[in-house]
Amino acid sequence: QVQLVEFGGGLVQPGGSLRLSCAASGSIFAIYDMAWYRQPPGKQRELVALITNNGRAVYAESVKGRFAISRDNARNTVYVQMNDLKPEDTAVYSCSAVVRPSIRPDVYDYWGQGTQVTVSS
């Protein structure tokens, strides 16, 4: 079993910053892509940012230049630094990871429970 747990959500004023982290634990042989998604109220879930296991990152257009994704492979952890937050960034943020649990070649997608980020004055 693999678990992903997010940390760092909360309430922040417009223009503020937050850093989310997501730690993977359990039966892990290797982790490939790690990503952050968000689901704003009443809307569908969308990709925020993704980072490959060799550090290549891609971002949604709406967060380019404001958010930065990173990972610590030794700690099986992915981060997203969110700067210049706007009310439209309000959402439940969830992390995901493509994990190879054992020496077998099978890989699976795992998700965290999500953490609320609210941007409001």
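Here are a few notes on the strands and the nonpolar core of this predicted model.

1. Start with the open sheet. Four strands build it, in the order E1-E3-E8-E7, and their pairing is antiparallel. Strand E1 (2-7) and strand E7 (67-72) sit at the edges with a single partner strand each, so one side of each has no neighbour in the sheet. From one strand to the next, the twist averages 15 degrees.

2. Now look inside that sheet. Strand E3 (residues 18-26) pairs with strand E8 (residues 77-82) in the antiparallel sense, over six bridges. As background, strands of a sheet pair through backbone hydrogen bonds.

3. Next, follow E4. Which strands does E4 join? Eight bridges link E4 to E9, running antiparallel, and five bridges link E4 to E5, also antiparallel.

4. E4 and E5 make a hairpin with six residues between them, and glycine 42 in the turn has a positive phi of about 75 degrees.

5. Finally, the core. Which residues touch the most other members of the largest nonpolar core? They are Trp36, Phe67, Val78, Met82 and Tyr93, out of 29 residues. Strands supplying at least two residues each include E1, E3, strand E4 (30-39) and strand E5 (46-51). E9 gives the largest share, five residues. In soluble globular proteins, nonpolar side chains tend to be buried together.

Note on methods. Residues are numbered from 1 along each chain as its sequence is written. This is a predicted model: local features need pLDDT of at least 70, side-chain atom pairs count only at pLDDT 80 or more; totals for chains, interfaces and linings use all residues. Side-chain values use heavy atoms; hydrogens and water are left out. Two strands pair if DSSP finds at least two bridges between them. Axes are lines fitted to C-alpha atoms, for helices over the stretch in contact, and angles run from 0 to 180 degrees between N-to-C directions. A nonpolar core is a set of buried Ala, Val, Leu, Ile, Met, Phe, Trp, Tyr and Cys residues joined through side-chain atoms within 4.5 Å. Buried means under 20% relative accessible area, exposed over 50%, partly exposed in between (1.4 Å probe, protein chains only).
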